[in-house]
Amino acid sequence: MHTDKEIKKEFKITASKNPDAYYATAALKVRGFMRKQCACSTFFWTVNADQKCCGDPACSGGFRFFSKSPAKKKLNYIEVWKEFAAMHKKRGYTPIDRYPVVARWRDDAYFVAAGIYDFQPYVVSGEVEPPANPIVEPQFCLRFNDIDNVGITGAHYTGFSMIGQHAFMPKEKFDTEKYWTDLYTWFHEGLGLSPEELTLHEDAWAGGGNFGPCMEFFSRGLELANQVYMLYEQTPSGSRELHLKVLDMGMGQERNAWFTQGLATSYETTFPTVMKKLYSSTGIKTNQELLRKFLPYSSYLNIDEVEDIEKVWADIAAKTKEDAKTLKEGILPLAALFSVAEHARSLLVALNDGALPSNVGGGYNLRVILRRALGFIEHYGWDIEMADLCEEHARFLKPMYPELLENLENVKKIVGVEKRKYKATREKSQSLIASILKEKITAEKLLELYDSHGIAPELVKTQAAQAGKPVDVPDNFYALVSQMHEKKEQSHQTKREEKIELTGIPETAVLYFDNYLLTESNAKVLRIIDQIVILDRTNAYPTSGGQIHDQGSIDGIPIASVFKQGNVVLHVLSEKPTFSVGSTVTIHIEPEYRKQLAQHHTATHVVGAAARKILGSHINQASAKKTLEKAHLDITHYEGLSDDELQKIEEEANRLVHEDLQVHSHILPRNEAEKRYGMAIYQGGAVPGKTLRIIEIADAATHKTIDVQACGGTHVEHTKEIGNIKLLKSTKISDGVVRIVFAAGAAAESLAGSQEDVLTQCAALLQCTPAQVPGRAQELFENWKTAVKKKKQLERYDLVSTVTFEGDALVKAAEVLKTQPEHLWKTLKRFMDELDNSRQN
């Protein structure tokens with residue numbers, strides 16, 4: 001398999017040899033465009049007979065539209081989308097709303113990085129119908145490979161709106177000439193560009209296993225759009241023509257607004273109200289003359305494309321006839337201010353859509369840009385609140401993305417928590433930096449300090465300068481951080497899975513979807529592989545979705561395991577079966593086991609809904625597990641839960657149980673489920689298939705949905721069947737993920753009895769009544785603190801099997817035993833976990 005870069009290079013050569021077969025050459029020629037080749041080897045089209053250059057900024061001398069944009073129509077940021085959508089609607093396209101920037105429907109990407117991500121893999125493969133065809137959309141995207149370029153080049157972003165023009169057509173209906181003409185019409189009539197001002201590049205694109213030709217639209221050094229014609233897929237045996245041809249045009253909304261207005265930077269046209277606020281609060285005044293001279297060459301400072309950044313600064317200084325030091329002193333504070341504004345917008349959208357800053361996964365990059373912005377604010381001594389900038393962005397973007405205002409308070413709270421963490425790290429870092437200044441500070445050391453301790457390189461450089469030690473920070477530092485973490489994540493995700501040969505086996509008909517109480521059924525044996533039995537239908541639930549498999553038997557032989565491979569359910573028996581292929585067998589499932597698992601699974605949905613109501617809309621399921629004795633739900637949350645929050649979640653969960661809400665189960669086409677319920681149906685990971693089973697908990701009287709998810713588990717039919725829900729404890733299992741452990745139904749009742757027994761035994765050991773236990777514990781609190789100060793050994797007390805603890809264990813628990821004795825058992829259990837963590841740390 002070739003890399004995307006290799007495929008692109010090879011196919012570009014192939015397409016250039018026969019342009020009529022791959023590009024809209026007929027539409028180009030009829031409008032007077034001529035094909036030429038630049039000195040850089042790129043083939044391009046222009047109506048200008050004397051044009052020799054392709055128009056790329058590196059070939060044509062940078063951006064050349066400042067103060068004299070050739071666009072006859074001046075459009076602001078919001079107007080670009082509104083006008084584009086209106087024009088394309090008249091030409092047969094359906095405008096749709098953006099998808100969330102958190103790509104929960106995909107298992108290969110955390111964030112949406114391009115508009116086509118919304119439709120991969122199912123729409124692109126032809127398995128699922130698109131929401132409309134053709135369509136246009138204003139998809140907000142996140143990319144973190146250019147963090148160091150943000151602010152400095154005037155055109156780079158971590159978050160941007162990629163206006164998409166998409167079509168998914170069979171070969172006979174795929175009309176490249178029309179698609180090109182529609183986009184050309186936008187630039188010619190929508191922006192008012194004359195043909196003389198447009199240059200079109202022949203190029204190729206590859207990504208996600210697909211590739212094809214593309215045509216880039218340039219004007220005065222700025223790339224305005226890239227129209228990709230996705231025609232092929234890459235396979236281990238070579239390229240193969242796609243059954244469904246895909247139009248994937250991406251147009252930078254930021255660039256189009258910037259281009260038409262011709263201002264100094266795209267940041268001032270992308271978020272003008274935010275920049276006005278920042279100029280006012282910082283007192284910074286732009287040196288328009290300096291910017292006018294600098295910005296035509298700002299694209300040269302692209303960190304990804306230069307090896308010696310200082311040499312580039314010197315070259316630009318020479319071209320602008322400015323001293324290099326003076327130039328940097330005038331530009332860098334502005335670049336920092338632009339970065340703060342840009343990062344605030346990316347954070348707003350990501351946090352609104354359910355992402356959280358953390359030290360793992362996609363959330364890591366969010367923390368990087370937030371701390372980069374906070375670092376700039378601190379370095380320059382600005383009085384700026386990131387939360388206030390998020391609010392200003394949300395208000396400005398309301399005509400396009402009204403949903404950003406709905407969750408604003410939650411976003412501001414998350415930003416506030418992250419700011420406190422940043423300050424705490426900042427205070428702790430002083431002594432650590434002082435200690436490492438005794439050694440040479442390399443780029444590797446700076447990366448280690450940031451990744452392990454959250455210490456920004458600017459802070460190290462400042463403190464080192466005070467100590468008279470120079471420190472060089474790589475210009476692409478944040479890109480290196482991002483790359484380093486991506487490699488870590490990839491290594492953690494590598495796993496090997498054993499596959500069973502299932503050629504010729506049809507999809508297993510599952511019977512547990514419609515009736516969780518169905519514990520006995522008959523089925524035909526399709527294949528036997530040693531102790532593995534495959535049936536045409538089954539009521540046995542396979543381990544999946546965090547729920548363990550059913551227990552039971554097939555014709556009296558105990559079931560050891562049940563698992564699913566693709567759409568086929570495989571039953572592993574405890575011994576080789578005595579029956580043969582073609583025979584009819586009886587599957588028996590243990591009814592109490594099934595009922596308890598169904599209670600725990602539906603309770604997981606209820607607890608998640610309760611947590612979302614108590615903690616905020618950012619709550620999503622990271623993962624879950626349901627066993628016979630208990631269950632746990634891992635939720636996305638930015639800090640550990642207090643006992644008060646845990647109590648409120650439990651009360652809300654039981655309120656939903658006692659309301660006896662109906663639990664609906666639907667099988668829907670994937671596109672219909674997404675259209676009806678939104679992309680939040682994907683909780684805990686991507687769900688494969690062109691049809692989805694939807695579990696919806698709703699109030700029949702008000703028709704209000706309490707929770708809705710794509711889920712293949714066993715569920716009760718009404719919430720009252722769950723029984724009482726008891727939250728046992730919560731633990732922060734990783735940065736940004738909190739685990740809630742609970743029990744429901746008979747499992748909860750069993751634990752309640754255990755609590756009463758433990759409470760009685762505790763009271764006996766302390767020689768008091770059960771009601772007096774909290775007070776007695778409080779008396780011993782000071783003794784415990786003294787023991788800790790003296791670093792005495794903390795013992796491990798197992799409260800599940802025996803109750804043999806000293807006063808110090810109970811004293812620690814007194815911190816949270818200020819209300820009711822019945823919470824003693826779970827509080828002490830939580831304390832035992834804390835003791836474990838103390839020893840491990």
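A: In this predicted model, Lys 625 has His 632 of strand S19 standing opposite. The two strands involved are S18 and S19 (residues 631-636), which run antiparallel and are joined by five bridges. They belong to an open sheet of four strands, ordered S18-S19-S24-S23 and paired in the antiparallel sense. Its edges are formed by strand S18 (621-626) and strand S23 (725-734), each of which pairs on one side only. From one strand to the next the twist averages 15 degrees.

Two helices lie across this sheet. Helix H21 (residues 591-615) lies across S18, S19, S23 and strand S24 (737-744), and runs at about 135 degrees to S24. Helix H22 (residues 643-658) lies across S23 and S24, at about 135 degrees to S23.

H21 can be checked for its length. Its 25 residues should span 36 Å at 1.5 Å a residue, and the C-alpha atoms at its ends are 36 Å apart, which agrees. The helix is mostly covered, with 19 of its 25 residues buried. Just after H21 comes Gly 616, with a positive phi of about 135 degrees.

Leaving aside residues up to four places away in sequence, Ala 598 touches Tyr 516, Thr 714, His 715 and Val 716. The C-alpha atoms of Ala 598 and Lys 626 are separated by 8.9 Å, although the two residues are 28 residues apart along the chain.

Ile 163 stands opposite Met 251 in S9.

H1 has 14 residues and reaches 20 Å from its first C-alpha to its last, close to the 20 Å expected at 1.5 Å a residue. Its buried residues include Ile 7, Phe 11, Ala 15 and Ser 16. These four cover an arc of only 150 degrees around the axis, which puts them on the same side of H1. The reason such spacing works is that an α-helix has 3.6 residues a turn, so residues three or four places apart point the same way. The face turned away from the buried side of H1 carries Lys 5, Lys 9 and Lys 17, which are exposed.

Aromatic contacts complete the account. A search of the whole structure finds 33 aromatic pairs. In one of them, the rings of Tyr 99 and Phe 119 have centres 5.7 Å apart and planes at 70 degrees; planes over 60 degrees apart count as edge-to-face, so this pair is edge-to-face. Tyr 99 and Phe 119 both lie in the loop between S3 and helix H6 (122-125), so the pair ties together parts 20 residues apart in sequence. Tyr 99 has 10% relative accessibility and counts as buried, and Phe 119, with a relative accessible area of 1%, is buried as well.

A second pair has another geometry: the rings of Phe 211 and Tyr 232 have centres 5.4 Å apart and planes at 25 degrees, so the pair is stacked. Phe 211 is in strand S7 and Tyr 232 in strand S8, so that this pair links distant parts of the chain, 21 residues apart. Both Phe 211 and Tyr 232 are buried. Elsewhere, ring pairs link Phe 33, Trp 180, Tyr 184, Phe 187 and Phe 217 into a cluster.

Note on methods. Residues are numbered from 1 along each chain as its sequence is written. This is a predicted model: local features need pLDDT of at least 70, side-chain atom pairs count only at pLDDT 80 or more; totals for chains, interfaces and linings use all residues. Side-chain values use heavy atoms; hydrogens and water are left out. Two strands pair if DSSP finds at least two bridges between them. The expected span of a helix is 1.5 Å times one less than its number of residues. Buried means under 20% relative accessible area, exposed over 50%, partly exposed in between (1.4 Å probe, protein chains only). The arc is that of the directions from the helix axis to the C-beta atoms. Axes are lines fitted to C-alpha atoms, for helices over the stretch in contact, and angles run from 0 to 180 degrees between N-to-C directions. Contact means heavy atoms within 4.5 Å. Rings of Phe, Tyr and Trp (its six-membered ring) pair if their centres lie within 6.5 Å; planes under 30 degrees apart count as stacked, over 60 as edge-to-face and the rest as tilted.
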